[in-house]
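Here is a short briefing to read alongside the model.

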Amino acid sequence: EKLCDYLRVIEQDYKETNPYHNPIHAADVVQTMHTLIQMIGDSFPTNKVDIFSILLAAAVHDVKHPGENNSFQANARTDLALLYNDCSILENRHIAHAFQVMLGDEDQNGWRSPPR
């Protein structure tokens, strides 16, 4: 139940208005990774934790993407560029947000309740 709630929150944090980095893109990447894992079979030894980690990373890889790339962020001197010191700005944003939601930093009672 907690994993499903987490994934619902991550899904709602993808911007529907972003023409590419939106919830459909995240689902596509998760499906693609799942397919690749199935295709390689036993030729790439993994365990359940590895597979879970890969699929979770695929789900959160572009969460909160603002729609502009790292170069734009740095050149425009956005708040994100300043926060992450122009280093892998969006990548740091995506993973930081994923962990903030997971750790409940946005809400002292754990992550916010997803819509049902």
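**Pocket, helix and loops at a glance**

Helix 3 and helix 6 each contribute at least two residues to the lining of the largest pocket. Please keep in mind that this is a predicted model.

**The largest pocket**

- The volume of the largest pocket is about 150 Å³.
- Its lining is made up of Tyr 6, Ser 53, Leu 56, Ala 57, Val 60, His 61, Glu 91, His 94, Ile 95, Ala 98, Phe 99 and Met 102.
- Two of these lining residues, His 94 and Ala 98, are also among the buried residues of helix 6.

**Helix 6**

- Helix 6 covers residues 89–103, and at 1.5 Å a residue its 15 residues should span 21 Å; the C-alpha atoms at its ends are 21 Å apart, so the two values agree.
- Ile 89, Leu 90, Arg 93, His 94, His 97, Ala 98 and Val 101 are the buried residues here. They lie on the same side of helix 6, because they cover an arc of only 160 degrees around the axis.
- For background, an α-helix has 3.6 residues a turn, so residues three or four places apart point the same way.
- The packing partners of the buried residues in helix 6 are helix 1 (2–13), helix 3 (48–60), helix 4 (70–75) and helix 5 (79–83).
- After helix 6 comes Gly 104, with a positive phi near 80 degrees.

- Arg 93 is a helix 6 residue, and it counts as buried because its relative accessibility is 19%, where the cut-off for buried is under 20%.
- Setting aside neighbours within four places in sequence, Arg 93 is in contact with Lys 64, Leu 80, Tyr 84 and Gln 100.
- Lys 64 sits in the loop between helix 3 and helix 4 and counts as partly exposed, because its relative accessibility is 27%.
- Not counting residues up to four places away in sequence, Lys 64 touches Asp 13, Arg 93, His 94 and His 97.
- Lys 64 and His 21 are 43 residues apart in sequence, yet their C-alpha atoms are 8.6 Å apart in space.

- Lys 64 has a positive phi, near 65 degrees, and is not a glycine.
- Ser 88, another residue other than glycine, has a positive phi near 45 degrees.
- Ser 88 is in the loop between helix 5 and helix 6, and with a relative accessible area of 44% it is partly exposed.

**The salt bridge**

- How many salt bridges does the count come to? It comes to 1 salt bridge.
- The partners are Arg 8 and Asp 5, whose closest N and O atoms are 3.2 Å apart.
- Both Arg 8 and Asp 5 belong to helix 1, and they are 3 residues apart, about one turn of the helix.
- Is each partner buried or exposed, or in between? Arg 8 is partly exposed, with a relative accessible area of 31%, whereas Asp 5 counts as buried at 12% relative accessibility.

Notes. Residues are numbered from 1 along each chain as its sequence is written. This is a predicted model: local features need pLDDT of at least 70, side-chain atom pairs count only at pLDDT 80 or more; totals for chains, interfaces and linings use all residues. Side-chain values use heavy atoms; hydrogens and water are left out. Helices (H or I, at least four residues) and strands (E, at least two) are DSSP runs, numbered from the N terminus. The expected span of a helix is 1.5 Å times one less than its number of residues. Buried means under 20% relative accessible area, exposed over 50%, partly exposed in between (1.4 Å probe, protein chains only). The arc is that of the directions from the helix axis to the C-beta atoms. Contact means heavy atoms within 4.5 Å. A salt bridge is a side-chain nitrogen of Lys or Arg within 4 Å of a carboxyl oxygen of Asp or Glu. On a 1 Å grid over the protein atoms alone, a cavity is a set of points where a 1.4 Å probe fits but cannot get out, and a pocket is an open set with protein on both sides within 12 Å along at least five of seven lines; lining residues have an atom within 4 Å of a point. Grid points are joined across faces, edges and corners, and a volume is the space filled by probe spheres set on the points.
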